[in-house]
Amino acid sequence: MTHESHFSAGRRRLLQTAGAGAAILGAPALVFSQGNAPIKLGSLLPRQGPFALQGEAASLGIKIALDQANNQVLGRPIQWVAYDEPNPLGAQQNMQKLIQEDKVAAVIGGSNSATGLAIASTAASGKMPTIISAALAREITGKNCNRYVFRNNAPPPVYAKLVARQLLPIGKRWYFLVGAYAYGQEAYQMLKKELEAAGGTDLGVDSAAVGTTDFSSIILKIRQARPDAVALGIAGTDLTAFLKQYNEFGLRGRIPLASLTVADEDIWSQNGLSGIMGKYWHFNNPANGPAERAFNEAVRKAKGTPASASMAQGWVCMNMILAAITKEKSTDAAAIVRGLETVRPANVPGYFRDWDHQFITRLPVAKVRDNVTDRYDALEILNTDMKMADFEALYGTKEEIGCSMGGL
């Protein structure tokens with residue numbers, strides 16, 4: 001089943017492709033001549049659980065990219081096949097459907113490290129060109145790298161370096177709260193590495209499982225430790241719940257917070273946000289180019305809000321796939337891989353490195369404004385002085401990454 005039968009009417013309207021010549025999801029292929037048969041592209045994004053908001057946002061970003069391309073590539077209509085990404089096993093099963101039953105040309109998905117690693121494994125064995133959209137686990141483009149798998153978001157070491165530059169001047173005695181999963185543990189390791197390199201002190205660490213709702217015992221430990229700052233490596237509704245309770249304990253403004261990375265959906269969904277955070281993208285970053293500003297305006301027109309980083313992830317991934325297909329003039333899997341490795345589209349703020357398939361882009365580090373009057377515009381960018389070359393240097397060398405990629 002495609003998302004046509006899964007989604008509510010509202011979400012169906014959000015995700016359906018539109019425009020002249022566009023393929024309607026679920027339409028029988030026989031209505032098209034062979035030369036005009038739709039090109040199928042798939043996505044695996046969460047509709048439930050802690051990352052559901054980000055999944056819906058990334059889906060909107062994909063839709064806008066398709067709309068801007070008139071829902072076609074190589075003169076053929078695009079049929080977008082979307083499935084849920086409920087958990088690692090469910091993500092793998094749905095990935096198999098996309099490969100074996102739907103026979104898509106490429107896939108976008110992977111909202112977190114656990115599902116991202118599962119999708120990447122299936123993509124590698126099935127030789128399916130796949131962009132892992134949001135997962136940060138290092139091994140996706142490190143020891144587990146594969147010729148068919150690309151990663152859009154930056155891994156924890158990059159965010160850790162950016163965030164530490166802003167947090168260390170505040171103080172060098174940190175307490176850590178991270179997720180009890182791959183991303184959280186890597187966040188801890190990478191942030192601690194930056195702290196120790198600066199001569200700082202690790203005052204303690206707690207790990208929280210996905211779906212944790214009560215952080216009171218951890219917050220009491222933080223209060224007792226009296227750190228200079230709390231370094232966070234949690235996401236989704238876990239982060240929202242922690243921030244709410246942190247404020248209720250009266251610690252907001254007393255002990256600064258820093259989050260390795262954060263989604264706008266988490267920021268916009270609650271009041272009392274504070275601290276420093278890494279981000280994949282920000283709608284009013286002064287470094288944004290014309291295409292990014294046009295994308296933001298398209299989101300405003302569709303939703304009445306600015307574009308979020310999760311929306312930008314979906315938008316970037318789909319634009320990269322369309323650009324790769326256009327460059328190679330083919331939907332053959334090997335051709336799409338070669339296209340993704342080499343294409344440099346003018347409308348996308350970055351590119352994939354050919355030797356590890358890591359997307360290289362500028363990453364804003366933001367701070368919550370002292371006086372927030374608009375929850376959608378609560379952040380100011382702190383690293384506007386960084387150039388693209390400065391970011392490129394943060395992503396690591398071949399020796400540091402440890403990727404040994406095979407052939408097609």
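## Overall fold

The chain holds 15 helices and 15 strands. Keep in mind as you read that this is a predicted model. Along its principal axes, the C-alpha trace spans about 70 × 45 × 40 Å.

Contacts tell us something about how the chain is put together. Of those between residues at least 6 apart in sequence, 69% join residues at least 24 apart. Buried residues account for 58% of the 408 residues.

## Surface and charge

The accessible surface of the chain is about 16100 Å², and carbon and sulfur atoms contribute 49% of that area. As for charge, there are 42 positive and 36 negative side chains. The centres of these two sets lie 2 Å apart.

## The cysteines

How many disulfides does a search of the whole structure find? There is one, and it joins Cys145 to Cys403 with an S to S distance of 2.1 Å. The link of Cys145 and Cys403 is right-handed, with 95° about the S-S bond. Cys145 sits in the loop between strand E5 (130-132) and strand E6 (149-151), while Cys403 belongs to the segment after helix H15 (398-401), so the pair ties together parts that are 258 residues apart in sequence.

Both partners fall under the 20% cut-off for buried residues: Cys145 has a relative accessibility of 9%, and Cys403 has 16%. Cys317 is buried as well, at 1% relative accessibility.

## Positive phi angles

Leu74 has a positive phi, near 55°, and is found in the loop between strand E2 (72-73) and strand E3 (76-83). With a relative accessible area of 38%, Leu74 is partly exposed.

Lys103 also has a positive phi, of about 55°, although it is not a glycine. Its place is in the loop between helix H4 (88-101) and strand E4 (107-109). Is Lys103 buried or exposed? Its relative accessible area is 62%, and residues over 50% count as exposed, so Lys103 is exposed.

Notes. Residues are numbered from 1 along each chain as its sequence is written. This is a predicted model: local features need pLDDT of at least 70, side-chain atom pairs count only at pLDDT 80 or more; totals for chains, interfaces and linings use all residues. Side-chain values use heavy atoms; hydrogens and water are left out. Helices (H or I, at least four residues) and strands (E, at least two) are DSSP runs, numbered from the N terminus. Buried means under 20% relative accessible area, exposed over 50%, partly exposed in between (1.4 Å probe, protein chains only). Contact means heavy atoms within 4.5 Å. Accessible areas come from the Shrake-Rupley method with a 1.4 Å probe; for residues, only the protein chains shown count as cover. Lys and Arg count as positive and Asp and Glu as negative; His and the chain ends are not counted. The place of a charge is taken as NZ of Lys, CZ of Arg, CG of Asp or CD of Glu. A disulfide is a pair of cysteine sulfur atoms within 2.5 Å.
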